[in-house]
Amino acid sequence: MKPSLGRPRDDRVDRAIADATRAILAETGYAQLTVDAVAARAGVGKAAIYRRHATKQQMIFAAVLHDLLLAPPPDSGSLRGDLTALLRVIVANLTAPPAGVVPALLADVHGDPALAAAFTSTFVAAERGCVEEVLDRAVARGELPHRPDPAVAHALLLGPVFAWLFLLREDPARLGPVTAALAETAATTLTAAPA
């Protein structure tokens, strides 16, 4: 076994960067946030940030939505229960940032094809992995005859939440009671999907 090179990553620095990012976003908003300001608030050098995040957008995404360590919800014993739990995580992640952060972040990501590809292969892939785990559990339990397309399942979960929050601009607090209905609709759709 080879010894690792360099210093081990310090979780305290990760937390300081995330905390500083969230605080500055709440104070000044997305457009005014800078890596310099985050570094100063966190008490770290800019190099420490860039070792962890290639761009300002990746730093913000990791601090306010989720990082690459996103885990599937515990097995509830049913597809509907797992989808409900996963939707709660998605809703919590999307409603935690200050107003306007998620749409601004997505505008930046989708305005840059290279950045969009990087986000798809990292952050979207982490969330998609959770969807795949939930689907695989349902197949193993016999609730689904085969694994549906994970992209379709992901869209069934994420689409209504995005529409509610960012297109219709409805009250995020009202999403809680809607979560079970969205999970039921997604479970019904996935169960009825042809092979």
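Student: Which helix holds Val 35?
Tutor: Helices here are DSSP runs (H or I, at least four residues), numbered from the N terminus. This is a predicted model, where local features need pLDDT of at least 70, side-chain atom pairs count only at pLDDT 80 or more, and totals for chains, interfaces and linings use all residues. Residues are numbered from 1 along each chain as its sequence is written, and side-chain values use heavy atoms, with hydrogens and water left out. Residues 35–42 form the helix that holds Val 35, and that helix is α2.

Student: Is Val 35 buried or exposed?
Tutor: Buried means under 20% relative accessible area, exposed over 50%, and partly exposed in between (1.4 Å probe, protein chains only). Val 35 has 8% relative accessibility, so Val 35 counts as buried.

Student: Which residues does Thr 21 contact, leaving aside neighbours within four places in sequence?
Tutor: Thr 21 lies in helix α1, residues 11–28. Its relative accessible area is 0%, so Thr 21 is buried. Contact means heavy atoms within 4.5 Å. By that rule, Thr 21 is in contact with Leu 33, Val 38, Met 59, Ile 60 and Ala 63.

Student: Are α1 and α4 roughly parallel or roughly perpendicular?
Tutor: Axes are lines fitted to C-alpha atoms, for helices over the stretch in contact, and angles run from 0 to 180 degrees between N-to-C directions. The angle between α1 and α4 (residues 56–64) is about 95°, and their axes are 9 Å apart. Angles under 35 degrees count as roughly parallel, over 145 as roughly antiparallel, 65 to 115 as roughly perpendicular and the rest as oblique. Therefore α1 and α4 are roughly perpendicular.

Student: Is Arg 52 buried or exposed?
Tutor: Look at the relative accessible area. For Arg 52 the value is 17%, so Arg 52 is buried.

Student: How many salt bridges does the structure hold?
Tutor: Side chains of opposite charge can pair when their charged atoms come close. For the structure, the number of salt bridges is 12.

How values were computed
Helices (H or I, at least four residues) and strands (E, at least two) are DSSP runs, numbered from the N terminus. A salt bridge is a side-chain nitrogen of Lys or Arg within 4 Å of a carboxyl oxygen of Asp or Glu.
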